[in-house]
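The sequence and structure come first.

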Amino acid sequence: MTGLKKVNDFLIFLMKASDPIKVYTWKKAPFIRLLVPFITGIIIQFYLKPAASVIIAGIICSGFMYCVYQLLPLAVKYKLQPVAGIVFFILIALTGSLCTRQKDIRNNTAWYGNHYHDSDLLLVKINEPPVEKLKSYKAEGDVESVIHGDTDINCKGKILLYLVKDSVTALLKYGDRILINKKIQRISNSGNPGAFNYERYASFQQIFHNVFLKSQDFICLNEKKPGWFNLFIFSLQKNILAGLKKNIHGTDELGIAEALLIGYKEDLDKDLVQAYSNTGVVHIIAISGLHIGLIYIMLVWVFDRIPFIKKAKFLKLLLVLLCLWLFTLLTGASASVLRSAVMFTFIVLGKSSGKKTSIYNSLAVSAFLLLLYDPFFLWDVGFQLSYFAVVGIVAFQQPVYNFFYIKNKWIDKIWKMAAVSIAAQIFTFPVCIYYFHQFPNFFLITNIIAVPLSSLILFAEIFLLAFAWIPLIATWLGKLTSLLLWLMNNIILTVNSMPYALCDQLSFSATETWLLYGVVLCGCYGLISGNKILFISFLICLLCMEIMQANDQWITKNQQQFIVYNVPQQQAMDFIEGNNFHFVGDSTLEEDGLLQNFHLKPARIALRIRNKTNDLPDFFSANHFFFFGNKKILLVDSPLLYEPSTVKLNVDMIILSRNVKVAIAQLAAVFNCDQYILDASNSLWKIGKWKKECEELHLRCHAVSEQGAFISDMGR
């Protein structure tokens, strides 16, 4: 109960540190004035990509104008205040653009991509312990040089390494340097509609290439370069994981324990993670502000009980911050954790100074510093959700809590916790719908149960590791922690299995998401303040959103498309008419929920198709032929018996699948075809052979595994 009281006290502290929702909040949070133009500059650079010379010239001109303004007489400065504001906005925006351009390593002349050719060798240092996957080891590497013949060019940049499992690759570890003699591949997307944009995600990490290595594709050099601090962090992670594996019983319990404590997710069961996501509590296994706050509370409690530290305020402050940042680095320093660490640093410093600080300003400062460090954090989902959640709690927790007055102390505490969850959900659910296309209907129930329970588990895990050197205590703490984890998992799975637990397949465009935010914010602020203008804005946003949704439904009703999906080693096609679809392909995809969710479901959500059917009005199939709309499609996935004829059969598309033994010339002798499609079930060497044949015969060819999914609007 003491731990829960501390959590409650900390929430009260945050609320007291925040400003009420008034106009002067803008003045009390001056860093917002820097953050808004800085973000504007980041967006401009990402989408418009102005040249460095243009940005620098703009910075010089706007900086000079602002300096001149500062030298003007006071009366003139007063009159020119709006102009000075615009100039300052431009100056900060251009600074944001320059930071974004400099962060993109492709603009650096030393980037290996500016020097590499297919026949070159790469000298790469493995900069993290390789992680074991199902069929390979995965690690991130730093390119140190490109070797072109006898020339060794010093370079920089990151690359993803996938190492086939064998006795040689199993021995590789952090700090090893390898000489790669294999052509690297550019990271690309699957091209499936609505699919996760992995290419862009990797580019935000400054990774643009990967390579799949067998033991004969590289040489491990004797000289190693492990960084001492990283080596310490990785060793600490390894020891923590070993301690948890020794004392936590149950595969699912261990996976959640590792994710909850240090953000290690390799042992998580994907179905269990999906259940956490469906019930709205996935945030408790994604290291975020909740964990930083709990660690902060525990550190303060511990140091307050050590006499010589308790009396030395500066030492206590230093130790708390050092431990917080060590935990941040230990968990991988994701955007959401960094946000929390930076914000807590400013909150702790402000609290120690004895001055009341605006939490809006603390948030703005932390966001500004993080974006200054890495502007691409702006597109990180964890970064966005963490800020939206905190702003929602600060802005709406108190008004939501004030809706009900509860006399009973314990029920009041539960309602206070529920108010925090509701406030966070108000600000985060539009962006969650945009990215994840679902809404957990029972989020309030699961958060009321899971948040305090996960807090208790986190403290139990810390004490378990602290007393791991005493076998008897470690054993009993391990059993207690395993029991709590089992209880939490079963509660989540039970709620997830309940009817109407999830509202899914929600599809909102970026514009519709912004309009939804307009509806939510104008509606909530209008309700709190009674402002008529906000209420009118709420109605306008709601009307615009409904019009856009109606237009989407009209487009869906009239759509007729054919898609050949890019699913590695699988045959997968959808014939789409309205919001109905007919699937043709491997039964594995229909049986494997994870494969289907990753490759097929995003497209069906994006295109708003819901109903699987074998009875499309404009669809007919017979003997390898599909007639759909006004098109004739031939699927060749087994040998065909057709004799060449003087009169060829007209076919709109020919799909080659499952490495069928056939030559393009044989098909061209029988069919007149405008488009050949090589699906992802074919091997790469076979695709290459067919592509070459198509080029020789001057035929159009689309290789799905290389060019992404094939999408055709069939027309009516």
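Phenylalanine 38 is buried, at 1% relative accessible area (buried is under 20%, exposed over 50%, partly exposed in between, with a 1.4 Å probe and protein chains only). The model is predicted: local features need pLDDT of at least 70 and side-chain atom pairs pLDDT 80 or more, while totals for chains, interfaces and linings use all residues. Residues are numbered from 1 along each chain as its sequence is written, and side-chain values use heavy atoms, without hydrogens and water.

**Aromatic pairs**

- The whole structure holds 44 aromatic pairs (rings of Phe, Tyr and Trp, the last by its six-membered ring, with centres within 6.5 Å; planes under 30 degrees apart are stacked, over 60 edge-to-face, the rest tilted).
- Phenylalanine 38 and phenylalanine 368 form a tilted pair, because their planes meet at 55°, with the centres 4.9 Å apart.
- This pair joins helix 3 (residues 31–48) to helix 15 (residues 359–373), across 330 residues of chain (helices are DSSP runs of H or I, at least four residues, numbered from the N terminus).
- Phenylalanine 368 is also buried, at 13%.
- Tyrosine 434 and tyrosine 435 pair edge-to-face, at 5.1 Å between centres and 70° between planes.
- Tyrosine 434 is partly exposed at 31%, and tyrosine 435 is partly exposed at 28%.
- Phe388, Phe396, Phe427, Trp514, Tyr517 and Tyr525 are linked by ring pairs into a cluster.

**Charges over rings**

- Lysine 49 lies over the face of phenylalanine 46, 5.4 Å from the ring centre (NZ of Lys or CZ of Arg within 6 Å of the centre and within 35 degrees of the ring normal).
- Lysine 77 lies over the face of tyrosine 69, at 5.8 Å from the ring centre.

Key
Helices (H or I, at least four residues) and strands (E, at least two) are DSSP runs, numbered from the N terminus.
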